[in-house]
Amino acid sequence: MTDTKKSVHGAWSSRFAFILAATGSAVGLGNIWKFPYIAGENGGGAFVIVYLLCVLLIGIPIMIAETMLGRRSQQNPVETMELLTEEAGADKNWHFLGWMGVIAGMLILSYYSVIAGWAMAYIVKAFTGSFFDADATAIKELFNDFVASPVQLIIWHSLFMLATMLIIVRGVHNGLEKAVQFLMPGLFVLMILLVGYAMTTGSYIQGLHFLFKPDFSKLTGDTVLTAMGHAFFTLSLGMGAIMVYGSYLPKGISIANTVLWIAGADTAVALLAGIAIFPIVFANDLHPGSGPGLIFQTLPIAFGAMTGGWLMGILFFVMLMIAALTSSISLIEPVVAWLVENKDFSREKASIWAGLATWLLGLGTVFSFNIWSDVKFFDRNIFELLDYLTANLMLPIGGFCIAVFAGWIMKRQHSEQELNMATASNYQVWKILISYVAPLAVFLVFLHVIGVL
Ligand code: PHE
């Protein structure tokens with residue numbers, strides 16, 4: 001099938017390039033900004049365990065499936081679903097999966113870009129010495145004053161969107177591949193240095209306890225849903241980002257091994273971020289449930305106090321920005337690929353339109369931290385609503401459908417051929433996880449949330 005329909009896509013230059021790009025998509029604000037603050041809001045240990053279980057039993061099998069679907073069709077997600085439903089002789093309703101991904105990507109990027117803008121602003125703050133010798137109260141005020149200003153947030157949000165679109169315009173080879181190569185090693189080193197600082201705070205053990213000692217009485221339906229949603233979010237699953245990257249992956253490369261590496265690196269970065277942040281939280285009498293500002297209210301304390309902290313602060317926020325960029329390009333790539341491949345847009349025109357629409361939507365998030373902080377729907381401000389809608393609902397639903405499609409709709413011989421696993425029993429394990437375990441788990445969590453279970 002893929003022989004007859006030639007894609008206009010580029011292809012990754014190697015398996016390594018795919019690993020870099022997919023890891024770049026996975027590792028981002030989700031690991032460093034979001035994971036610590038939602039773990040803090042949801043009581044720590046028990047939440048972390050549910051999240052890890054979800055990565056293992058739901059995330060990894062679905063990541064394998066999503067990569068496989070993309071590579072089989074070598075098209076954008078909308079086309080992929082069209083081609084593969086046809087190949088499997090399945091119902092046309094499956095097409096919606098591609099569409100939902102395109103929409104989810106833009107919705108996520110609209111708020112992702114605002115937060116990434118914060119990271120950019122903090123590069124400047126680190127550079128001008130704002131954190132120097134500042135205590136927890138001063139750092140908190142700095143953050144509160146910053147997010148209270150719509151103008152500042154708009155400027156940084158705009159700059160970040162512009163940077164994303166500039167990379168997107170240049171396409172796969174020039175843009176995406178290069179950015180990631182320096183990032184991952186650098187990020188690892190910095191996280192480990194921060195963990196080193198956390199060890200000196202006197203609250204290291206307390207931080208570790210919070211993060212890893214489970215108190216299952218803290219688990220509610222919504223907590224479990226948030227942990228599961230985050231497994232999707234952090235691995236970039238359920239909306240076509242990994243499908244697009246899979247579509248650029250050359251045939252003949254082992255998908256399963258590759259995915260295990262990516263998921264491992266992603267989880268490691270998140271845990272390191274947690275291990276670095278919570279000791280600082282407790283040492284400074286801060287509250288673990290401080291919300292989206294958590295890393296901006298904790299890490300600068302470390303940068304202000306440690307020797308070499310000035311440079312580390314700058315490096316850290318630069319890397320956070322790059323990590324966010326390599327994720328943001330994967331959030332918008334599905335829309336752009338679709339506009340280029342199906343609507344005959346030039347790459348420039350597609351990028352401009354997709355970028356403008358997302359930028360506009362992002363203003364809702366900007367204002368939810370200041371002038372519209374009281375505007376609530378279902379008890380959530382605009383940012384919280386977008387986050388809940390995408391991470392907790394759209395991505396798990398998308399992932400559920402991908403699992404059902406790969407496990408039940410796609411012909412066994414096709415998935416077997418595409419995955420080309422080392423042994424028949426490896427394939428069998430994946431097949432059971434994708435057909436039964438993953439979809440059932442997602443389904444049960446939803447039942448639990450709506451109170452049926
Ligand atoms: N995985 C990215 C992060 O953790 C966010 C993302 C979600 C990217 C969905 C693409 C698709 O920051």
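Student: Which polar backbone atom is 2.8 Å from an oxygen atom of the ligand?

Tutor: That atom belongs to Gly30, whose polar backbone atom is 2.8 Å from a ligand oxygen. The protein buries 100% of the 320 Å² that the ligand exposes when taken alone, with accessible areas taken from the Shrake-Rupley method with a 1.4 Å probe. The model is a predicted one, in which local features need pLDDT of at least 70 and side-chain atom pairs count only at pLDDT 80 or more, while totals for chains, interfaces and linings use all residues. Residues are numbered from 1 along each chain as its sequence is written, and side-chain values use heavy atoms, with hydrogens and water left out.

A polar contact here is a pair of N or O atoms within 3.5 Å.

Around the ligand there are 15 residues, of which Ala26, Gly30, Tyr112, Phe233 and Ser236 come nearest; a residue is near if one of its heavy atoms lies within 4 Å. By class, this shell has 7 nonpolar, 8 polar and no charged residues, where Gly counts as polar and Ala, Phe and Tyr are among those counted as nonpolar. Helix 1 (15-26), helix 2 (29-41), helix 9 (221-234) and helix 13 (309-342) are the elements that give two or more residues to the shell; helices are DSSP runs (H or I, at least four residues) numbered from the N terminus.

How values were computed. Polar contact = N/O pair within 3.5 Å; in protein donor to acceptor, adjacent residues only side chain to side chain.
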